[in-house]
Amino acid sequence: MSNIEITLPDGSQRSVEAGIRPIDIARSIGTRLADAAIVARLNGELYDLTRPIEADAALQILTNKDPEALQVYRHSTAHLLAAAVLELYPETKLGIGPPIENGFYYDFDRATPFTPEDLEKIEKKMWEIQKRNLPYERIYTKKEDGLKKYGDAWMKCELISERAGEVFSEYTLGPYFIDFCRGPHVPDTSKLKAFKLLSIAGAYWKGDEHNKQLQRIYGTAFFSQKDLEEYLNRLEEAKRRDHRRLGKELELFTVNEAVGAGLPLWLPKGATVRRLLEEYILERERAGGYQHVYTPDLAKVELYQRSGHWAHYQSSMFPPMDLETEQMVLRPMNCPHHILIFESKQRSYRDLPVRIAEMGTMYRYERSGALSGLSRVRAMTLNDAHIFCTPDQIKEEFSSVMKLVEQAYRDLGITQYRYRLSLRDKADKEKYVDNDAMWELGEQVLREAMDSLGLPYVEARGEAAFYGPKLDIQLADVMGHEETYSTVQVDFHLPNQFELKYVGADGKDHRPVIIHRAVVSTMERMIAYLIELYAGAFPVWLAPVQAIVLPITDRQTEYARGLQKQLDAAGIRATIDERSEKVNFKIREAQLQKIPFMLVVGDREQQNNQVAVRNRKHGDQGVKTLEEFLSGIRALIESRAVAE
């Protein structure tokens, strides 16, 4: 047999027999490497450890230290799940089973719905199969033979018809399981050390709501039991903080089918939190020279054709409404309205920058499967603003916006975030405005501004707005999943579309630049984040109810009512629990409602004109006069303290 040359990651070369497997090379390097090996990378492509190498190649052995290896590991666990399902429920038809960010899933077509008890059975069967040390073996099949083999598996036939070449790869797992799959996979089931099935959900075939609905089983897998347990603990913490559950328990918002999906109703307590957040950022903006406006939620279709949103964003907009001789549409963003305000009068260079801000409600068409509580909705109110400035004012204005963002995050107690410079994909001429000079200038300005501020950032191709690059502030939840909350965009395109101008010092017309910015995102998304950040226990200044008065017996009811009136008069959001329940029950209820302070009053407190103060986090704070309590809570509110 002829020899081939293998180049290892350290640059060294080995002459080996053709047909050798990566796992054999790993063993020749060391037992430790072979034991930790999960998959190989051959000439830059992922490759099975047990697949023969037939030609000269650059080889890398990936172990449990490599993120790519974890994806392969999870894909193999998805196959293990499918094998277990077929052993238990052989009538089931298989869909697809890819790895995902935190685990894997597999889609199944089965007449009988899976139950939580079924998940336990399936997981038990997975461990039984795992202990058999079955190999994942790659075989090749002609397309015409594959279509016959999978004749009664409609999803596999569809995939083979669409994706397979004349010859395609399959993977077996023992004598009973085979699946159309590109791979690669781990060598055998003994490599799979830690996995857990998590949930069952509905899913449309290929994500198309017009297709058949399948049953999707989600799971997760890690290289070690320790990593798995840490993830499951984070998952439990995420459930504890889930804003959808807390929103219901704390009476912050509700969703009603009579209104429609993705259209939450703010309840009084949630509306209070929203109002406080709005007042906070409006105050900050006024101090920063912003002028606040109101604009309508509707506009003619022609406005969005002029701006370019109709061409680039129509799929995310609601359909137009025919009104007599014109078509109106719910706005998906506020910038065209603000642009019209800017051009409503002649502007001089002396007027710039013009900072126009609004709590603007927008409407986006989101698929029903993507909607989630407050974090993903169809109607949202954005803390929006547009700065119209000269080119030489961009850096200064950008710097001011970034300072405002960081101040707001500090006041809200947000510490875990990062900056992402979102750039266009140069090859995508349909998604992005085709103007190389504009894009290069915009990207250069943003980079220079961030560098001058000394703020670290990562670059992300293909994440820009259609009309310009942007800086996204990425926040992560308990599970580490990131979302964009605040954005700053430099826009040279829309001023051209609307032929905006200002009179320069030379007396001639010049084109302004627009900076689009949203400091605290939409009210819906930011409050969802804050609910989860604080697990519903908002800082005192944001808490919908800041104090509750708890009379021990009916004898203190009138005294308690007087205290509540004094608290209200002092600007403290207070309530009273007059129920004929034991005080410990009332305290427990107040704790569950996350109320910062409980003022317990009995005969002694009434006689001495005092209150027994209890803090939701630190418990008993001793007996105080009402003035002493007010002094302390006011200090927390005025300083916007995160800790109590």
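Guide: A299 lies in strand β17, residues 298–300. Keep in mind that this is a predicted model.

Visitor: Why is A299 called buried?

Guide: A299 has 7% relative accessibility. Buried means under 20%. So A299 counts as buried.

Visitor: Which residues is A299 in contact with, beyond its neighbours within four places in sequence?

Guide: Y304, Q327, M328, V329 and H337. Contact means heavy atoms within 4.5 Å.

Visitor: How far is A299 from D242?

Guide: The two are 57 residues apart in sequence. In space they are 36 Å apart, C-alpha to C-alpha.

Visitor: What makes R331 and D297 a salt bridge?

Guide: Their side chains meet at 3.5 Å, N to O. The limit is 4 Å, between a Lys or Arg nitrogen and an Asp or Glu carboxyl oxygen. So the pair qualifies. R331 sits in the loop between β19 (326–330) and α12 (335–342). D297 sits in the loop between β16 (291–292) and β17. The pair links distant parts of the chain, 34 residues apart.

Visitor: Are R331 and D297 buried or partly exposed?

Guide: R331 has 0% relative accessibility, so R331 counts as buried. D297 has 29%, so D297 counts as partly exposed.

Visitor: How do you know that R376 forms a salt bridge with E483?

Guide: The closest N and O atoms are 3.5 Å apart. R376 is in the loop between β20 (354–363) and β21 (379–389). E483 is in strand β25, residues 482–491. They are 107 residues apart.

Visitor: What makes D603 and R555 a salt bridge?

Guide: The closest N and O atoms are 2.7 Å apart, and the cut-off is 4 Å. D603 lies in helix α19 (residues 603–608) and R555 in the loop between β29 (547–551) and α17 (557–569), so the pair ties together parts 48 residues apart in sequence. R555 has 55% relative accessibility, so R555 counts as exposed. D603 has a relative accessible area of 33%, so D603 is partly exposed.

Visitor: Are C335 and C389 buried or exposed?

Guide: C335 has a relative accessible area of 3%, so C335 is buried. C389 has 0%, so C389 counts as buried.

Visitor: What lies 2.6 Å from the backbone oxygen of C181?

Guide: A polar atom of the side chain of S169. The cut-off for a polar contact is 3.5 Å. S169 lies in strand β10, residues 167–173. S169 has a relative accessible area of 8%, so S169 is buried. Leaving aside neighbours within four places, the contacts of S169 include R138, I139, Y140 and F180.

Visitor: What covers the buried residues of α6?

Guide: The cover includes β6 (93–94), β8 (103–109), α5 (143–149), β10, β11 (177–180) and β13 (213–222). The buried residues of α6 (residues 154–163) are M155, K156, C157, L159 and I160.

Visitor: Which residues make the nonpolar surface patch?

Guide: L298, M321 and L323 make a patch of about 220 Å². L323 is in strand β18, residues 321–323. Patch residues need over 30% relative accessible area. L323 has 40%, so L323 passes that cut-off.

Visitor: How many of the chain's residues count as buried?

Guide: Of the 644 residues, 50% count as buried. The chain holds 20 helices and 33 strands.

Note on methods
Residues numbered from 1 in each chain as written. Predicted model: local features only at pLDDT ≥ 70, side-chain atom pairs only at ≥ 80, totals over all residues. Heavy atoms only, no water. Patch = residues over 30% accessible without salt bridge, like charges linked within 9 Å, V, L, I, M, F, W, Y side chains within 5 Å. Areas by Shrake-Rupley, 256 points an atom, 1.4 Å probe, with all protein chains shown as cover. Helix = DSSP H or I, 4+ residues; strand = E, 2+ residues; numbered from the N terminus. Buried < 20%, exposed > 50% of the residue type's maximum accessible area, 1.4 Å probe, protein only. Polar contact = N/O pair within 3.5 Å; in protein donor to acceptor, adjacent residues only side chain to side chain.
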